Amino acid sequence: MASSAAATVQPLDRTRARRKAAWRRRRLVLLLMSPWLVGFSVFFGYPLVMSVYLSFTHYDLLSSPKWIGTANYRYLFTQDPQVGEAVKNTLWIIAVMVPLQVVFAFGVASMLVRARTGAGFFRTIFYLPALAPPVAATLAFVYILNPATGPVNILLKHLGIDGPLWFQSPGWSKPSLVMLGVWGVGNIMIIFLAAILDVPRHLYESAELDGAGPLQRLRWVTLPTISPVILFSVVIGVIAGLQYFTQAYVAANVASGQASQAGDQTVNNLGYPEASTLFYPVLLYQHGFRYFNMGYASAMSVLLLVVAFTITVLIIRNSRRWVHYAGAAK
Amino acid sequence: MRRVGIGLLVALVLGAALIAATARTSATAGTSGAKADNITIWVGWSAAELKAFKGVVAEYDSKHPEVTVKVVGGINDDKITAAIRSGKVPDVVSSFTSANVGQYCNSGAWLDLKPFLSKDKIDVNMFPKTSQYYTQYKGKRCALPLLADVYGFYYNKKMFKAAGLTSPPKTMSQLSSYAKKLTKKNSDGSIKVAGYNPFLGFYAGNAPDLSAYAPLFAAKYVDGSGKSVLSKDPAWSKMLKWQKSLVDWYGYKKLQKFNAGAADEFSASHAFEIGKLAMMIDGEWRVAFIGREHPSLDYGTAPAPVDDAHPELYGAGYVNGTIIGIPKGVKHKDQAWALVKYLTTDSHALAIFSNGVRNVPTTKASLTSSDIKPDARFKTFLKIFTNSNSKTTPITAAGNAYGSLIQAFTVKWQAGHAGDLAKGLQKLDKQIDAQLKQAQAGGVP
Amino acid sequence: MGSLRRGGQVSTASVPVAAALTRRKPPASVRRRRFLLAVANHSLLIVAGIAFLAPFVFIALTALMTNGQALSEHLWPNPFRWQNFVDVFHQAPILRWALNTMIYACLATLGVLVSSVPVAYALSRIRWRGRNVAFGLVLIALMLPPVVSVVPLYVMWAKLGLVGGLGPLIIPNWFGDAFSIFLLRQFFMTIPEEYLDAARVDGCGELRILATVVLRLAKPAIAAVALFSFLYTFNDFFLPLLYTRENPSSWVLQIGLSEFRSLHQVQWNLTMAATLLVMAPVIIVFFLAQRVFVEGVTLTGVKG
């Protein structure tokens, strides 16, 4: 009798101890996660909900929000004369800059891998521009590409070529921004470099034994093995393209040459020249923080969120077809 | 663990202190009771012009020992609206962008000044009609004018003499022919000296919203009911066609290169001041700038040339001005009003300030005040200011957002990318109307 | 990162000497082709390298010109005007901007570390219900373009009266940063459980384990996170633009630089000098902490 009584006491103790341990663990997790829990709700969840709410109001921060139903969305989809340009520009920059950056980064990384001498030196050179603050880099490029006095056009003139107007021309302003973007691929290039070096050598050797030439080795060994990295770069690039703001804003401001003697607000330079650098986030900024049309800006941000989410999901889903995970990592 | 904890605490405290230190330098008035000693005024001027303003305020301070006025310069409209939105407002604000008065009055951001005006028995007719117009919206007066900006014509007399021209052009066709005569090119075809730069977006006199040209062609932006009439008023097409013909004569790309190589508008290497530009439309402040930076420049001022079909308009020009008011949320309204009243109605104060920054004083009395330092070139602008045909741009509840839409069209137009002019203007009218409706929270038409 | 020749060493260094002696040299044609390819490869690298370095060179040259020369067609300064770097400080309150930037960057980085490390630990080394959901939410937050949340956040900060200062920039970093949490979590997952178990057996509480064992083992990841955070906030333009544009006393270097052209009279030579000065700190830090940089970047891409 005594042993069975003792036997029933022990499991109870153990469960109580286990429950106490579980409770202590939960408290610990709560403590550790608390900053993020607050952060997530206040800086992610709340804005999301609030954006949706504000998008149905007219709000200029001077008086309380006024409910106007779907009027903002109607204006956004049918009336705003600048939205069409903004969307086209953003899609353009994504479609052109991301592939160029990925290809260029991969190309430079491949060359670095094959270089026998001075690889470290070259690696530094190609990485350095990525460190330049975007504002500084943009300012530098606007000056260098100044159609009249910039070094590039001066050099072209010596070669007998009449240089384009670069940031002053609606046709060349986006390509100029793309050049600026490609100049800064250092980060992606380093990632590609590491990934290419990680490709197991025996895969190359067996491919060579099978008679594969360099191009075929590239197509069937290198690319599939580093495909997760390619996917990563593409996703990062697309997300960055959807938020492309700083370079466009600074370039338009500086290239338009309008001195803003503190006080002069009669000129709106966003998108200079001819709305060619008016990207969606720039337009959002204009409506929300120049005109203080915050309800409308919220509608724009809701649309951006939907598009960003859709594109990301599409890319990731599509990636299953061509991305090859070596079994390890993910 | 404890070391980490203490370190963290210290960091947090330091951090909070630093954040507080860098928080917006509060411009609120003193927190003491009703008889406040400190009031703050925000103005857009900076550098030398701010100094002149501070001189005027110092005179006020000496006359009113119970109040000390703090002056903050370099303010723009974004700062003003941000301050009002966050509740931390100065006592008096002033803005260069009179076009925004519609927004300020309509939203109540600036207080209605009528009770103050009637209490002190001030008649608004002491201000010229145009200045009255750009300081109120739909009858609600929330601002008063504090010095005006008037646009006129500057021409380089030395270059005129060398080209055999004796007097400034009076019509647009004369302007074009003079411009072609005065232009000099480099050996590679690029522009060395431009007779007149018609490029919209180059310097203030070429505002892409066409505000500087509108009074010269008697062009109206809106009709009586507030609808945009850019396509209906034939003056606009005439103006744009004239402008483009001159741009094409120079060559669009060549003009772009000239602009890119020109120095900043408010630098001492301003294209007109260093002789790279023979004629230009600019504001009256340029007289003071030239006097400071290039006193030996041989130049003259005159009213801007006008449409050939309307010679009677000669003498008119575009007018806008600095506006001053009291923002919502101010505690010391009476002191604020006293300062506003002094700055805007006292002839002596206006004259002294006008001398300092060479802007146009804004009461009929101050225009003829003996305190104004005589200057033949500056006098031109005083005359333009009082001309009955001088106009300003329409005040709307959306501020000058319509200017951005016009700008988007005109920059395309001058580049030749805008297609059919009539159709383009019609589309522009619709956009402007829709935008105004959206800004008034009236939904979409 | 070690030598770049990791792959190549397998076939040369580790092959026994005897085998090396019996290995035939490849025929001359193959050797020539390989040499030509190497030359071609190197030429491309050199050309690309020059193109990449050119902007820096042009900025530096312009920074040493007089204003007149900067606006002219000269490419080489004559004379060299080192005075420009001093003039820049007279033209604009660069030191004030630098101070603001340091305050923002340092406090934000500290906040990121303090708030993200515990979260990453909880998400990687402790089993609890909902852990995967939480991590999924972190990933989703990672994908969110910040532009989407600016309007309501601005409204919130305006109501709190903090617009115009650095508060709205610094405070959110003290509540976790999705990217840093992600990076740290990935790294923490590679720590062998044995280390932690040994500490647990010794009687350490979970918090103590985190503070001592984990932190010490994760130094490279933490250094990388700190570096990235610092870099990101140093370069940040959008948020300071939103919150401090109307308050010049709170401007950071990036805002000041973008407005430099309009502060007084525009002078390209001084603007370029200022640009160089703003670029310099980051480049210096890079040379001092090269390995951390490259390892950190690799961590994000390869493990991500």
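Figure 1. Of the 304 residues of chain C, 44% count as buried, where a residue is called buried if 20 or more other C-beta atoms, placed from the backbone, lie within 10 Å of its own, exposed if 12 or fewer do, and partly exposed in between. This is a predicted model, in which local features need pLDDT of at least 70, side-chain atom pairs count only at pLDDT 80 or more, and totals for chains, interfaces and linings use all residues. Residues are numbered from 1 along each chain as its sequence is written, while chains are lettered from A and ligands numbered from 1 in the order in which they are written. Chain C has a mean pLDDT of 81, with 87% of its residues at 70 or more; pLDDT is the predictor's confidence in each residue, on a scale from 0 to 100. Where pLDDT is low, the predicted coordinates should not be read in detail. For the complex, the predictor gives an ipTM of 0.85 and a pTM of 0.83.

**Figure 2. Helices and domains of chain C.** Chain C contains 17 helices and 0 strands; helices (H or I, at least four residues) and strands (E, at least two) are DSSP runs, numbered from the N terminus. Chain C is divided into domain 1 (6-63) and domain 2 (91-303), with bounds that come from an automatic or database domain assignment. The contact between these domains takes 4 residues from domain 1 of chain C and 6 residues from domain 2 of chain C. On the side of domain 1 of chain C that touches domain 2 of chain C there are 3 nonpolar residues, 1 polar residue and no charged residues. In this classification Ala, Val, Leu, Ile, Met, Phe, Trp, Tyr, Cys and Pro count as nonpolar, Asp, Glu, Lys and Arg as charged, and the others, Gly among them, as polar.

**Figure 3. The contact between chain C and chain A.** This contact takes 75 residues from chain C and 82 residues from chain A. On the side of chain C that touches chain A, helix 3 (residues 28-63) of chain C gives the most, with 13 residues. That side of chain C divides into 52 nonpolar, 18 polar and 5 charged residues.

**Figure 4. The largest nonpolar core around M189(A) and F192(A).** A nonpolar core is a set of buried Ala, Val, Leu, Ile, Met, Phe, Trp, Tyr and Cys residues joined through C-beta atoms within 7 Å. The largest such core has 308 residues, among which M189(A) and F192(A) touch the most other members. Helix 6 (residues 94-125) of chain C supplies the largest share of this core, 14 residues. Leaving aside residues up to four places away in sequence, M189(A) touches A105(A), V108(A), A109(A), F126(A) and Y127(A).

**Figure 5. The cis peptide bond in chain A and its setting.** Y272(A) and P273(A) are joined by a cis peptide bond, with omega about -5°. P273(A) is found in the loop between helix 12 (246-255) and helix 13 (280-290) of chain A. Chain A as a whole has 14 helices and 2 strands, and buried residues make up 49% of its 330 residues. Chain A is divided into domain 1 (2-38) and domain 2 (83-322), and the centres of these two domains, taken over C-alpha atoms, are separated by 53 Å.

**Figure 6. Two residues of chain B with positive phi.** K121(B) has a positive phi of about 55° although it is not a glycine, and K121(B) is found in the loop between helix 5 (114-119) and helix 6 (129-133) of chain B. K121(B) counts as exposed because 6 other C-beta atoms lie within 10 Å. L147(B), likewise not a glycine, has a positive phi of about 65° and lies in strand 6 (residues 144-156) of chain B. L147(B) has 27 C-beta neighbours inside 10 Å and therefore counts as buried. Chain B has 17 helices and 11 strands, and buried residues make up 53% of its 445 residues.

Definitions and conventions:
Contact = placed C-beta atoms within 7 Å.
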